[in-house]
Amino acid sequence: MTRSPRQGLTHPAAPDIQLVLYILSLLTSQACLSPVTKDALFQYIDDHQNEYIQRLKDWIAVESDSSDPLKRNQVLHMMEVTKDYILELGGKVEMADLGEQEFSSGTKLPLPPVILAEFGNDTNKPTVCFYGHMDVQPARKEDGWTTEPYTLIEKHGNLYGRGASDDKGQVLALLHALESVKKIGLPVNVKLLIEGMEEVGSNGLEQLVEEKKNTFFSNVDYIVVTDTPWLSKKPGITYGARGNCYFFIEVTGARRDLHSGGFGGTVYEAMSDLIYLLGVLVDVNGDILIPGIYDDVLPLSEKEKDLYRVLQFNLDELQADTGVQEFLHHGKEELLMHRWRFPSLSIHGIEGAFSGSGTKTVIPARVVGKFSIRQVPNMKPSVVEKQVSDYLEKKFLERKSPNKMKVTMVIGAQPWLANMSDPQYLAARKAVERVFNIDADMIRAGGTIPIAKNFEDVLGKSVMLLGIGGPDDAPHGQNEKISKYNYIEGTKLYAAFMQELAAF
C-alpha cells in the first residue's frame, strides 16, 4: 500500500520510557498471568480509570445542547475543550470553519467548527479516521431524570449524565485508548473528525467532507464511527443500517377551519380523507401495502440467516424494557430481521389537527400526516417516492373526495451495508476476542446513519461502526448512562483495535 507523505506533519513521538519500564515490570509480575491483566497495555488503562472517569465528569458538565441557540456558546466551548485535549495528546488540529446558521427569525449564530486532527504520517502504516460528536440532546431534571443530567453520577456500576453514552463517553474512550497506545508507539496513523451538530442534522458536514476528500481524507484507508450501541451486553460490531424515506401527506379542504356544529355532515372533511389514506399504508401485521415496495429487497441467504442465529438477544428483556405486550414477529431471528433487514412503515403524527387537552369542535381545513419508510438494500429513495405517490394518488381518486391531496418526500436517506470481510472488520473482531474473550456479534441498525453512507459515497472508503454503548443506555432519553464496564473495557477495545489493524 503506497501513500504520499503529508507535508507539515510530525512523525510519531518516541515511546514513553517510563511507560515502557512500567510495562516491563508488569510483564515480570505474577499479576500479568491472570486473564484480567494478561495484557500490559490493558493494565495501564485499568490503573488510569479514575482519571478517565473524572475527565468524563468534566465533559458532561458542559451543556453542549446543539438544539438550543442559547447554549451555542457551550457547544463552542466543548469543541475547544476537546481540541485542547487532543493537542495535549500530541495531535495536530485544524478547526474547520462551517460558517453561520440562520434561523427562521433571521438570527444568525456561528456553527461549531469541526475538529480535524492527525496523529502520525508514516506511509508504511494504514491510516484510520475515527468519527464522533460532542453535542448532546436536550436534558432537564424536570423531564423525569432521577439525577441532574449535567452532573455525572456513578451508581450501580453505571455513569449517569447527558452525553455519557452519546457520544462524549465513546469519544473519550477512544481518546484515552489513543493516549495509551501512543505512549508505546502508535501502530497506525490516526485521524479524528469530531463535530458539534450531529444531534440536529450535522449542518455543513457533508459539504466539508466533499471539500476535504483530496486533502485531509486523501490518505485515509478506513473510517470508524464511534457512536453506536451493542445489541446486548455482548460486544457488537455494526455493519449495516436502514435508510429513511420520510413523507408528508397534505389534505386541504375548506378555506378556513369550520365549526362541526354548523358544518358537520355537510362537507368532505380533510381529516377523514387523511385518516383513510394513512389507514391504507400498512396492515395490522406490519406488512406495507404499497405495490412493488418489496421488489428490490435483497433476498435472504442461508449464510445471512446464520448471522442472526448466533446473536445474543433476549426477547423477554426487550418486552420488559418496552412494555410491549406482543410483538408482530416471534422468535429472535424473525424479529431482528424485521428490525434490521426488511423495510418497515411507521405513522408518526398529524399536523393541523386538534391535539391539546379539553374539547374543541373544529373541522380542520388543512391537515398533514407524517410517516416514514425505513428502506433496505437495494431499495432506492427515488423509486420508493414514486411508488408511494402513485399508490396514494390512486387511493385518493378511489375515495372520490373533492379535497386536494399532495404527497411530499422530505427525507431520502439511503441504506448502508458494508463488507464484513474488509480488513478493519477482521481487526475489530480480533480486538473484541482479545479484550472480552468472546466472538463479537455482527449486527445491523434498524435506524438510519446518514454519515456512514455519506463517508462511503464521497470518499469511497470502508466504513465500520464500532461503538461501546449498552443496549439500555437511553442516549436520547431520561437517565442516559454508560456502564463503567463498557467505558473502561471499551477503551481497551479501541486500543486493541488500533494494534490489530496494524497487521493488515
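This is a predicted model: local features need pLDDT of at least 70, side-chain atom pairs count only at pLDDT 80 or more; totals for chains, interfaces and linings use all residues.
Me: What makes the radius of gyration agree with that of a compact globule?

Reply: The radius is taken over C-alpha atoms, and the globule rule is 2.2 Å times the number of residues to the power 0.38. For 504 residues the rule gives a value near 23 Å, and the chain has 25 Å, so the two agree. The C-alpha trace spans about 90 × 55 × 50 Å along its principal axes.

Me: Why does Lys 83 count as buried?

Reply: Buried means under 20% relative accessible area, exposed means over 50%, and partly exposed is in between (1.4 Å probe, protein chains only). Lys 83 has 18% relative accessibility, so it counts as buried. Lys 83 belongs to helix α4 (residues 72-88). Beyond its neighbours within four places in sequence, Lys 83 is in contact (heavy atoms within 4.5 Å) with Val 93, Met 95 and Ile 115. In the chain as a whole, 51% of the 504 residues count as buried.

Me: Why is Ala 474 called partly exposed?

Reply: Its relative accessibility is 31%, so Ala 474 counts as partly exposed. Ala 474 is found in the loop between β19 (462-465) and β20 (481-483), and it has a positive phi of about 50° although it is not a glycine. Asn 479 lies in the loop between β19 and β20, and its phi is positive as well, near 60°.

Me: What is the largest nonpolar core made of?

Reply: A nonpolar core is a set of buried Ala, Val, Leu, Ile, Met, Phe, Trp, Tyr and Cys residues joined through side-chain atoms within 4.5 Å. The largest core has 92 residues, and Val 190, Leu 192, Leu 193, Tyr 487 and Phe 497 have the most contacts inside it. Helix α15 (residues 484-501) gives the most to this core, with nine residues. Another core, of 28 residues, lies apart from it and includes Leu 274, Leu 277, Val 376 and Val 388.

Me: Which residues of helix α8 are buried, and what puts them on the same side?

Reply: In α8 (residues 270-279), Ala 270, Asp 273, Leu 274, Leu 277 and Leu 278 are buried. They cover an arc of only 130° around the axis, which puts them on the same side of α8; the arc is that of the directions from the helix axis to the C-beta atoms. Among the elements covering these residues are β11 (244-252), β13 (344-351) and α12 (381-399).

Me: Why is the pair of Phe 216 and Phe 217 called edge-to-face?

Reply: Rings of Phe, Tyr and Trp (its six-membered ring) pair if their centres lie within 6.5 Å, and planes under 30 degrees apart count as stacked, over 60 as edge-to-face and the rest as tilted. For Phe 216 and Phe 217 the centres are 5.0 Å apart with 90° between the planes, so the pair is edge-to-face. Both residues are buried. Phe 216 and Phe 217 form one aromatic cluster with Tyr 131 and Phe 455.

Me: What does the pair of Trp 230 and Phe 436 tie together?

Reply: This pair is also edge-to-face, at 5.8 Å centre to centre and 90° between the planes. Trp 230 lies in the loop between β9 (222-225) and β10 (236-241) and Phe 436 in helix α13 (residues 423-436), so the pair ties together parts that are 206 residues apart in sequence. Trp 230 counts as buried at 4% relative accessibility, and Phe 436 does at 12%.

Me: How do you know that the charged end of Lys 191 sits over the ring of Phe 216?

Reply: A charge sits over a ring if NZ of Lys or CZ of Arg is within 6 Å of the ring centre and within 35 degrees of the ring normal. The charged end of Lys 191 sits over the ring of Phe 216 at 4.6 Å from its centre. Arg 341 lies over the face of Phe 342, 4.9 Å from the ring centre.

Note on methods
Residues are numbered from 1 along each chain as its sequence is written. Side-chain values use heavy atoms; hydrogens and water are left out. Helices (H or I, at least four residues) and strands (E, at least two) are DSSP runs, numbered from the N terminus.
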